[in-house]
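Please keep the view open while reading.

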Amino acid sequence: MNLRNIIFIALVLLGVVIAMVPENTTKPYKLTAEQMLIEVQGAAEMVIADDVAHWLISKDPSLQLIDVRTPDEYQKFHLEGSLNIPLSTILSSENRDYVDQGLKMNVLYSNGTIGSHQAWMILRQLGFENNYVLQGGLNYWFDTIMNPQAPSVTSADEEFAKYDFRKAASGVFGGGNAVTITAPTANEAEKPRVIRKTKKKAPAGGC
Amino acid sequence: MGPLIPQEIIGADWNLFIAFVIGIGFGFVLEQAGFSSSRKLAGMFYGYDTVVLKVFFTGAITAMLGLLFFSLFGWIDLNLIYVNPTFLGSAIVGGIIMGAGFIVGGFCPGTSFSAAAIGKIDGMVFIGGLFIGVFFFAEGYPLIEDFYMSGSMGPIKVSEVLGISGGVVTLLIIIAALIMFKLGELAEKRWPRAEY
Amino acid sequence: MKTSYMNPYLAGVLLGLVLLMAFFFSGRGLGASGAVKSVMVAAVDIVAPEHTANSHFYSKYVGEGKEPMEAWLVFEMMGVLVGGFLSGAFSGRLNWRIEHFPGITAKRRLVFAGMGGILFGFGSQLGRGCTSGSALTGMASLSVAGFVSMMAIFGTAFALAFFVRKNWI
């Protein structure tokens with residue numbers, strides 16, 4: 001058998017194999033299971049609702065809220081300025097620039113924290129930085145920020161400060177207990193630092 | 001893991017050195033295949049020598065299969081591979097002008113360099129022409145910029161347009177190529193040329 | 001010394017492997033005309049820097065922090081010259097000559113080679129890449145542009161072959 005026929009047969013065989021197997025569309029995970037365990041235990045991905053409210057009121061430009069619920073739920077209610085990236089589309093290439101970036105702090109939220117955590121786990125394993133989860137989700141947001149409960153008279157002073165802030169925030173966000181807005185006095189919340197990403201060049205080429 | 005440099009597994013400093021090494025391989029294969037001979041290249045269009053068809057398609061298919069298998073084994077991330085963007089109008093008109101240049105000049109840019117490397121004066125003149133042609137384009141760019149940028153479709157792939165997997169596209173191309181190879185071999189028998 | 005050319009299918013497989021290595025290492029394919037453009041841009045930038053700064057075309061490649069000569073394709077094409085030379089030396093094909101069909105003069109061949117080069121140079125810029133950069137590399141990555149370029153180039157060459165047949169057969 002000559003070289004030509006060997007090459008022909010090899011090409012056809014490889015072609016048939018590659019046509020039969022499903023395409024590899026998986027994106028390789030960057031973090032190992034051990035690294036993920038450390039991340040999860042550290043719970044550093046959590047940001048508390050009061051902080052987020054604070055950043056929202058001060059119109060912090062580096063904050064990007066991402067709503068991972070379905071578009072229907074997003075339509076009904078969403079936090080101001082949030083983007084809707086449903087969990088099912090978290091890996092799609094159009095959303096890549098939002099979830100893999102080095103300029104903003106993404107805060108993912110869902111009703112509870114399951115959906116947002118699911119999204120966060122996937123993104124984190126892909127090695128993406130700067131993604132966080134809104135602690136307690138929207139449910140907790142409603143309970144604390146939108147309808148804050150007055151602390152009992154015996155509570156510590158800081159509880160009252162928190163309550164005042166929440167009531168003020170509630171007014172800003174159009175919640176029930178609208179009162180005159182007192183400038184939020186909460187201390188400048190410590191913000192997770194945005195990890196600058198060395199902007200990877202898009203694959204270059206061409207003549 | 002691959003592509004190694006975009007994934008920063010090999011430092012970006014090595015990129016140009018790797019380009020040089022890959023170029024050596026490219027030039028060596030082009031010359032060994034006979035692409036340094038304009039008469040061999042032009043034979044494609046008169047049927048007496050279809051080496052262009054055979055090398056070009058075998059090369060494209062090998063690389064296609066390689067990319068898909070590398071991706072399958074997780075050796076390369078196809079998202080990081082450059083896919084040249086499609087601008088339909090300029091691609092067609094540019095291709096027509098290149099086709100005219102091919103049959104008139106007997107080379108394409110890559111092959112003219114491999115011809116010049118072994119001392120072919122016609123290859124060197126062709127390269128000189130390339131510089132003039134690129135210069136004309138650069139100077140005339142304001143006039144054609146609108147056309148050049150029109151019809152942008154982004155880096156789309158045939159598999160996406162047809163809605164089938166890249167593997168199936170590859171198999172179809174392999175079958176088409178084998179038919180063309182057979183036709184080419186028949187043409188070489190039909191219009192034989194003495195050795196040149 | 002062997003002087004004959006390699007089996008074309010074997011050469012094709014090797015060409016494909018070289019292209020695959022370019023993808024695997026650098027994430028990009030082969031090219032040729034881009035190197036000509038880089039060298040031309042660099043030369044014009046030396047001769048007339050003001051002109052390049054003002055032009056829409058040149059300013060894409062020159063200016064602050066841009067080094068047109070430090071382009072991947074420039075180094076790749078330097079490699080092509082070396083690789084071609086090694087292959088020619090290996091197969092005993094190194095000599096100064098003008099290869100042409102015996103029916104035409106060497107001068108005519110050179111005139112046509114120059115004209116073809118001008119056309120190809122212009123077309124490669126308009127079509128965003130030549131046979132290597134757009135057609136071969138594009139096909140390997142299944143890009144639509146690659147297939148369009150390939151069909152336009154070869155289709156036109158076939159269509160025009162009749163009119164310049166005196167040059168070749």
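## Chain B: fold and surface

Chain B holds eight helices and two strands. Read from the N terminus, its elements follow the order α-α-α-β-α-α-α-β-α-α. The model is predicted.

The C-alpha trace of chain B spans about 50 × 45 × 35 Å along its principal axes. Chain B has 196 residues, and 63% of them count as buried. Its exposed surface comes to about 7200 Å², with carbon and sulfur atoms supplying 72%. Contacts also reach along the sequence: among those in chain B between residues at least 6 apart, 62% join residues at least 24 apart.

## Where chain B meets chain C

How many residues of chain B are in contact with chain C? The count is 121, and they touch 117 residues of chain C. The size of an interface is often given as the accessible area lost when the parts come together. For chain B and chain C that area is about 10600 Å². Carbon and sulfur atoms give 76% of this buried area.

Polar links are present too. Between chain B and chain C, 38 residue pairs are in polar contact, counting pairs with both residues at pLDDT 80 or more. On the side of chain B that touches chain C, α6(B) gives the largest share, with 22 residues. By class, that side of chain B has 79 nonpolar, 31 polar and 11 charged residues.

## Salt bridges between chains B and C

Side chains of opposite charge can pair when their charged atoms come close. Across the interface of chain B and chain C there are three salt bridges. One of them joins B:Glu31 to C:Arg93. Their closest N and O atoms lie 2.8 Å apart.

C:Arg109 also forms a salt bridge, with B:Asp122 as its partner. Here the closest N and O atoms are 3.2 Å apart. This pair crosses between chains: C:Arg109 sits in helix α5 (residues 106-126) of chain C, and B:Asp122 sits in helix α6 (residues 121-149) of chain B. Are these two residues buried or exposed? Both C:Arg109 and B:Asp122 are buried.

## Salt bridges that involve chain A

Over all chains, a search of the whole structure finds 12 salt bridges. One of them pairs B:Glu185 with A:Arg4. The closest N and O atoms of this pair are 2.6 Å apart. The link runs between chains, from helix α8 (residues 166-190) of chain B, which holds B:Glu185, to helix α1 (residues 3-20) of chain A, which holds A:Arg4. Both B:Glu185 and A:Arg4 are buried.

Another salt bridge lies within chain A, between A:Arg124 and A:Glu39. Their closest N and O atoms are 3.0 Å apart. The two residues are 85 residues apart, and the pair links distant parts of the chain. A:Arg124 belongs to helix α6 (residues 114-125) of chain A, while A:Glu39 belongs to helix α2 (residues 33-42) of chain A.

## Where chain C meets chain A

Chain C also touches chain A. Here 16 residues of chain C are in contact with nine residues of chain A. Between them, chain C and chain A bury about 840 Å². Carbon and sulfur atoms account for 70% of that area. Which residues of chain C lose the most area to chain A? They are C:Asn7, C:Tyr9 and C:Arg28, together giving 50% of what that side buries.

How many salt bridges cross the interface of chain C and chain A? The number is zero. On the side of chain C that touches chain A, the elements giving two or more residues are α1 (8-26) and α2 (33-47) of chain C. The residues of that side divide into six nonpolar, seven polar and three charged.

How values were computed: Residues are numbered from 1 along each chain as its sequence is written. Chains are lettered from A and ligands numbered from 1 in the order in which they are written. Side-chain values use heavy atoms; hydrogens and water are left out. A salt bridge is a side-chain nitrogen of Lys or Arg within 4 Å of a carboxyl oxygen of Asp or Glu. Helices (H or I, at least four residues) and strands (E, at least two) are DSSP runs, numbered from the N terminus. Buried means under 20% relative accessible area, exposed over 50%, partly exposed in between (1.4 Å probe, protein chains only). Contact means heavy atoms within 4.5 Å. Buried area is the accessible area (1.4 Å probe) that two parts lose on being put together, summed over both. A polar contact is a pair of N or O atoms within 3.5 Å; within protein, one must be able to donate a hydrogen and the other to accept it, and residues adjacent in sequence count only if both atoms are side-chain atoms. Ala, Val, Leu, Ile, Met, Phe, Trp, Tyr, Cys and Pro count as nonpolar, Asp, Glu, Lys and Arg as charged, and the others, Gly among them, as polar. Accessible areas come from the Shrake-Rupley method with a 1.4 Å probe; for residues, only the protein chains shown count as cover.
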